[in-house]
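Student: Please take one part of this chain and go through it closely. I would like the strand order, the pairing and anything that limits the reading.

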Amino acid sequence: MMLPYTLACLLIFSFGLTSSSARQAPYSLRISCGARHNVKTPPTYALWYKDIAYTGGVPANATPPSYITPPLKTLRYFPISEGPNNCYNIVRVPKGHYSVRIFFGIVDQPNFDKEPLFDISIEGTQIYSLKSGWSGQDDQVFAEALVFLLGGTSTICFHSTGHGDPAILSIEILQVDDKAYHFGQGWGEGVMLRTTTRLTCGTGKPRFDEDYSGDRWGGDRFWNPMRSFGKGADSPRSTENTIKKASVTPNFYPEGLYQSALVSTDDQPDLTYSIDVEPNRNYSVWMHFAEIDATVTAEGKRVFDVVINGDTFFEDVDVIKMSGGRYTALVLNATVAVSGRTLTVVLQPKGGGHAIINAIEVFEIITAQFKTLRDEVSALQKMRKALGLPSRFGWNGDPCVPPQHPWTGADCQLDKNTSRWVIDGLDLDNQGLKGFLPNDISKLKHLQSINLSQNSIHGGIPASLGSITNLQVLDLSYNSFNGSIPEAIGELTSLRILNLNGNSLSGKVPAAVGGRLLHRASCNFTDNAGLCGIPGLRACGPHLSSGAKIGIAFGVSIAFLLLVLCAMIWWKRRQNILRAQHIAARGAPYAKKRTHVSHDIQMTRHGQNNNSHGQARTAVENGPSLLS
């Protein structure tokens, strides 16, 4: 049983030596929440990127809850007024396997909750719920999970539970090996491993992988110190000798992790460790060993069994034999189904010896949630903008997952054929909505019920609603819809309730829609002054087809244009006549004056002629005059 395991370890070790040196550095992203500039923090001077354009919320000064918290000065919190669901949406994340870690913070302002409680989800899967007292426990000031990110993005959401505003200090996305923490059957892309605890035994100093100078492909894990499992229960061991087979693929544990250990005593030969866990869950337990005790120098000197919650998972563990020698790392992994609230690991020595352990890791195995169909998510996002949904709805992240925190007003159902969540109901009545209903609502093909009553939605009723074949309830009553009822509504053969009352609709109710009454559907068209054509509404006048209405409108338009043209011609002619009369009136006094002058001249000449004749006669009569 042990020979194949040892052979596998040797193969892993050999592969690790060749692959880790050749591969490129892993992807890493560290975000200092609320920060406006990139910062570096001691002692490793890790780079933390500024928090720009990832999410909403409010930046504020931070109070670190623990000395292991990154020494950052800002955080971002999410007031309940911005909705119950708030998410960081991080793009351009390469496809791969990642350790995602979120540190919590406390807002450094008066009158703020000093210990907010909220839930956390990654890619739609809830991984953690903060519990009262978390700010006083070093290993509870952050949440961490191993996750496969396959879509080029990472969505990390924080869900209010009514106990203070979620406050986030930092987010880390650190790439690890694709096969990291492969626990056997059931492991894969559809599984997440949430860190429950990591212990480094026999030391009192907490460490991160970077403190150990660990390989970056390890993910910079945090190791909580375990000086002792109990008074008189054990004694510490330590060494400075080199540990072989430690930092090898796929987990790349730091060598320093194996340089301290706890060994049981004569008074209490069993080494026992217990941890509180969530009931009815599966856990992956990883135990680390290296024989660093100077008194144990050969195989067979230390042998023990590993018992977890009363079941023996490993018999006759001989660290030197199984690892291949002293100062050589050995890792054992077990998957445990826990029905109660406690997980207990016991190392039981055989033959009067003592047990040894260097480190322990415990993960909760979480099945990743299926996501909502992408087209339906896109349709809801467009509806959010068109209807002007207030931020208090919290339509962020995935509409249906985590199931504990679906979007307000959206009803979901898991489609087992596609393994995707779909939207089968919208219940947004009396929410003060003032926008319009977009055509994209037809992309919610699985809707069975729509209730948008008692809002102020305006515009026309989309004809695309007629393509939602499973729709049984359509309630658009008491809004401001106008225009006619689309004939396509009559194609909804599953429709049982149609409420369009209390709007500003007009025109004849389509025969197919009115005919739903004959199929025992409940329809209400009242309080629409312009509707006609079915019992209970006014009678319609002569019904014209759409083509006839267009023809009449065209004829009226032409007649109106002709009337305008004739009026313009008449007006122009009238202006010409008036202009001519005006010119004539202006010239009349001058012509009269000229006539009088001519007449006077003629009269003068005539008088002169008469005088000449008179003088002539006088001269003849009087004779020639004498000249002197």
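Tutor: Four strands form an open sheet in the order 6-12-9-10, with antiparallel pairing. Strands here are DSSP runs of E of at least two residues, and helices are runs of H or I of at least four, both numbered from the N terminus. Two strands count as paired if DSSP finds at least two bridges between them. At the edges lie strand 6 (85-91) and strand 10 (125-129), each of which pairs on one side only. From one strand to the next the twist averages 20°, with axes fitted as lines to C-alpha atoms and angles running from 0 to 180 degrees between N-to-C directions.

Within this sheet, strand 9 (residues 117-122) and strand 12 (residues 153-163) run antiparallel and are joined by six bridges. Ile 122 stands opposite Ile 156 in strand 12.

As for limits, this is a predicted model, in which local features need pLDDT of at least 70, side-chain atom pairs count only at pLDDT 80 or more, and totals for chains, interfaces and linings use all residues. Residues are numbered from 1 along each chain as its sequence is written, and side-chain values use heavy atoms, with hydrogens and water left out. The chain averages a pLDDT of 88, and 88% of the residues score at least 70; pLDDT is the predictor's confidence in each residue, from 0 to 100. Over residues 1-20 pLDDT stays under 50, and the model has 18 contacts there beyond four places in sequence, a contact being heavy atoms within 4.5 Å. Residues 590-628 also stay under 50, with one such contact. Where pLDDT is low, the predicted coordinates should not be read in detail.
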